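Subject: Structure handover: domains, pockets, cavity, salt bridges

Hello,

Here is the structure for your files. My notes on what was found in it follow below.

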Amino acid sequence: MNTENLSDRLKAVVQYIPAGSRLADIGSDHAYLPCHAVQQGIVTFAVAGEVAEGPYRSAKKQVDEEGLSDNIFVRKGDGLDVISPGEVDCITIAGMGGTLIASILEKGKQKLPAVKRLILQPNIGAISIRKWLMEHDWKLVDEKILEEDGKIYEILAAEQGDPRSYYGESFEGGLLLGPILMSKQNDVFRKKWISERDNWERILIQLEKADENRETSKKKQELLEKIRIVEGVLKK
Ligand code: SAM
């Protein structure tokens with residue numbers, strides 16, 4: 001992968017960046033995403049944030065080699081620490097777990113009032129992000145699910161506003177599976193949740209064989225609840 005030949009996953013994230021945004025890409029690694037967004041003429045200003053030394057150096061090297069150092073500012077720091085309030089109006093955070101993405105948003109929330117759009121691509125645990133968005137008055141404006149190289153990725157685009165508008169009747173299902181993805185139910189969505197359900201059923205069988213204690217019975221209840229939610233959605 002490079003800045004011209006971006007992965008389908010990152011291309012899908014870029015598609016949600018409004019033209020002319022002032023962008024921050026947090027956890028940018030090689031800074032492929034902001035380089036691509038500038039090269040495509042989507043943005044002219046971007047911050048590439050990285051917490052780790054190696055990826056920070058890779059990002060700097062990439063931006064220099066692409067001749068984009070007047071447009072992309074590579075900064076080392078934790079989460080949203082790398083931006084000042086009002087500096088950007090669009091933030092991308094891709095390729096991490098949902099819990100980490102939600103914790104970056106929580107820790108940096110004083111930087112968010114001027115941000116119009118968040119584009120978040122969790123590798124796992126999108127539910128943690130949907131819960132955070134719900135609790136902090138960000139509404140989902142779109143969701144996408146795609147498969148690349150045998151892995152399934154979700155992308156959540158959100159803007160400030162009433163988060164409940166998208167959830168309708170199936171609130172629990174919406175948090176776990178995504179209210180917009182649920183209403184579309186494409187093939188990748190069905191593949192993901194059939195596989196998750198089958199996996200939970202396998203774990204349940206193992207738990208049935210284990211000695212019953214408070215922990216195993218709690219775990220079983222949680223799995224049964226998730227299976228119930230997923231089956232309710234897949235039936236529709
Ligand atoms: N965003 C790129 C992508 O989607 O291909 C890179 C994803 S890479 C797997 C995750 C990157 O996030 C790593 O380079 C890691 O150092 C960085 N990261 C993890 N926690 C971070 C934090 N709290 N603040 C900034 N960067 C972070």
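This is a predicted model: local features need pLDDT of at least 70, side-chain atom pairs count only at pLDDT 80 or more; totals for chains, interfaces and linings use all residues.

Domains

The chain is divided into two parts, with domain 1 covering 8–183 and domain 2 covering 188–234. Their C-alpha centres are 30 Å apart. At the interface, eleven residues of domain 1 are in contact with eleven residues of domain 2. The area buried between the two domains is about 1100 Å², and carbon and sulfur atoms give 75% of it. Three salt bridges are found across this interface.

Largest pocket

Four elements supply at least two lining residues each: helix H4 (98–107), H5, strand S7 (151–160) and helix H8 (187–209). The largest share is that of H8, with seven residues. By class, the lining has eight nonpolar, eight polar and six charged residues.

Second largest pocket

The second largest pocket has a volume of about 250 Å³. Its lining comprises 15 residues, and Arg-9, Gly-27, Ser-28, Asp-29 and Ala-94 lie nearest its centre. Two or more lining residues come from each of helix H1 (8–14), helix H2 (32–39) and strand S4 (90–96). Seven of the lining residues are nonpolar, five are polar and three are charged.

Cavity

How many cavities of 30 Å³ or more does the structure hold? There is one, and the volume of the largest cavity is about 30 Å³. Its lining is made up of Arg-130, Leu-133, Met-134, Trp-138, Lys-139, Leu-140, Pro-163 and Tyr-167. Helix H5 (126–135) and strand S6 (138–148) are the elements that give two or more residues to this lining. By class there are six nonpolar and two charged residues, with no polar ones. H5 also supplies at least two residues to the lining of the largest pocket.

Salt bridges

Over the whole structure, the search finds 20 salt bridges. Among them is the pair Glu-53 and Lys-76, whose closest N and O atoms are 2.8 Å apart. Glu-53 is in helix H3 (residues 53–65) and Lys-76 is in strand S3 (residues 72–76), so this pair ties together parts that are 23 residues apart in sequence.

Regards

How values were computed: Residues are numbered from 1 along each chain as its sequence is written. Side-chain values use heavy atoms; hydrogens and water are left out. On a 1 Å grid over the protein atoms alone, a cavity is a set of points where a 1.4 Å probe fits but cannot get out, and a pocket is an open set with protein on both sides within 12 Å along at least five of seven lines; lining residues have an atom within 4 Å of a point. Grid points are joined across faces, edges and corners, and a volume is the space filled by probe spheres set on the points. Ala, Val, Leu, Ile, Met, Phe, Trp, Tyr, Cys and Pro count as nonpolar, Asp, Glu, Lys and Arg as charged, and the others, Gly among them, as polar. Domain bounds come from an automatic or database domain assignment. Contact means heavy atoms within 4.5 Å. Buried area is the accessible area (1.4 Å probe) that two parts lose on being put together, summed over both. A salt bridge is a side-chain nitrogen of Lys or Arg within 4 Å of a carboxyl oxygen of Asp or Glu.
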